[in-house]
Each structure stands twice: as structure tokens, then as C-alpha cells.
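Here are my notes on the model you sent over, point by point. Have the structure open while you read.

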Amino acid sequence: MTASRLLVSALVVASALTSTLALAQQKLVPAQSEIVFVSKQMGVPVEGRFKKFDAQIAFDPAKPDTSKIAFTVDIASATLGAPESDAELPKATWFNTAKFPQATFQSTSIKGLGGGKFEVSGKLAIKGASRDVVVPVVLTQSGATTTATGTFPIKRLAFKIGENEWSDTSMVADDVQVKFKLALTGVGKF
């Protein structure tokens, strides 16, 4: 191998390692992030949130199709802000946190749409049920922090959330909006 080929090979390897290290340093900043869910009870919007969640991120805005995102949500951290409601959420009828302590999301593809907008497709698993979802994401950057925001719908009954007498959608609507704001560090400029 000539010296020039050896140098080019070394530069390619160094570039790949630098990209890998940069992606490995991407982190979720939980204190600046939130995951909220909004449902309707007897026609009135009710907002809840998850207090504990984490993400594994390998996101390259220049090559979104090679990126991967995985989330875990501690389901027992769900709160509606009222002690009596919060005591019901972990029970088998709702989230059954004893048997299913986490919800997960694993991306299967990420498409760049331009202007900081992306479409993340993946598998959402809650309470033993897994469904395909498409999540629109908007990224903004301020200094070293990248903020990902978005909203996507789910059907609670598809995940067996609110079983038995609570499956009546006139009491609790089937449609739930999941909203998120995720603060990330280590994401490259786009």
C-alpha cells in the first residue's frame, strides 16, 4: 500500500471514529425535558405526565436515515396531579406497572423533511402491546442544546389502557395525544 493510500485510509478511519464518538456523547437532559399525555374524560381535557424517562440517541442530522433513537419510560412515574388518580394509574386496569414497568419506543426509520423537521417511524410498546407509530419531530438549536418537540396520537385501547368498565369511550376517550419536549446535548449542527 502506498503512503498516500495509507494516509487516506487512516483519515477515513479517524473520521468514522470521530463521528461515532460524537454520536455516543449525545445525551438527554431530563431536567429540561418532558413527556405529557392528554386525554378527555367526559369531554374535558385531562393532562398527565411521565416524570422518569431516558433515551439512547445516535442521531446525525446530516444522515438521518442512519440514525437510531430508543426511549424507555418508567410507567410508574405517570401522574395526573391528583393523589387519588395517581393511585389508580399503576393498577392492572390502567398501566399494570407491576407486570409492565416500562413503555419503550424504538425507531425503525428517520426521514429528514428539511428546515429542522423530521419524521421518525418506530415501534411503541406499552403494557405488552406493540404498535407502529409515526412521530413528527421539529428540532431547534440554541448553543449546545438541541430541543426536539412534537405531538402524536395513540389509541389507549390498542394498548389495553383503561380496561373493563373503563373501556367505555364515553367516559374516557380512546384518543390520547402524546406531547414531548426533549432537550439533547451532543447533536451536531444542522
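1. Ring pairs link Phe37, Phe50 and Phe95 into a cluster. Two rings of Phe, Tyr or Trp (for Trp, the six-membered ring) are called a pair if their centres lie within 6.5 Å; planes under 30 degrees apart are stacked, over 60 edge-to-face, and the rest tilted. Searching the whole structure on that basis turns up five aromatic pairs. For Phe37 and Phe50 the centres are 5.0 Å apart and the planes sit at 45°, so this pair is tilted. It links distant parts of the chain, with Phe37 in strand β2 (residues 34–41) and Phe50 in strand β3 (residues 44–50), 13 residues apart. Strands here are DSSP runs (E, at least two residues), numbered from the N terminus, and helices are H or I runs of at least four.

2. A word on where this comes from: the model is predicted, so local features need pLDDT of at least 70 and side-chain atom pairs count only at pLDDT 80 or more, while totals for chains, interfaces and linings use all residues. Residues are numbered from 1 along each chain as its sequence is written, and side-chain values use heavy atoms, with hydrogens and water left out.

3. The scale is relative accessible area: under 20% is buried, over 50% exposed, and anything in between partly exposed (1.4 Å probe, protein chains only).

4. Next, look at Phe59 and Phe118. Their ring centres are 5.2 Å apart and the planes are at 85°, so this pair is edge-to-face. Phe59 lies in the loop between β4 (53–58) and β5 (68–74), and Phe118 in strand β8 (residues 117–126), so the pair ties together parts that are 59 residues apart in sequence. Both Phe59 and Phe118 are buried.

5. Phe118 also takes us to the strand pairing, where two strands pair if DSSP finds at least two bridges between them. Gly112 stands opposite Phe118 in β8. Nine bridges join β7 to β8, and the two run antiparallel. They form a hairpin with two residues between them, and Gly115 in the turn has a positive phi of about 65°. Strand β7 (residues 102–114) pairs with β5 as well, in the antiparallel sense over five bridges. There, Val73 stands opposite Ala103 in β7.

6. Now the charges. A salt bridge here means a side-chain nitrogen of Lys or Arg within 4 Å of a carboxyl oxygen of Asp or Glu. How many salt bridges does that rule give? The count comes to seven. One of them joins Lys111 and Glu119 (3.6 Å, N to O). Lys111 is partly exposed at 44% relative accessibility, and Glu119 is partly exposed at 26%.

7. Lys123 and Asp132 meet in another salt bridge (2.8 Å, N to O). Here Lys123 is partly exposed at 39%, whereas Asp132 is exposed, with a relative accessible area of 59%. Elsewhere, salt bridges that share partners join Glu34, Glu47 and Arg49 into one network. Within it, the side chains of Arg49 and Glu47 meet at 3.0 Å, N to O. Arg49 is partly exposed at 30%, and Glu47 is partly exposed at 44%.
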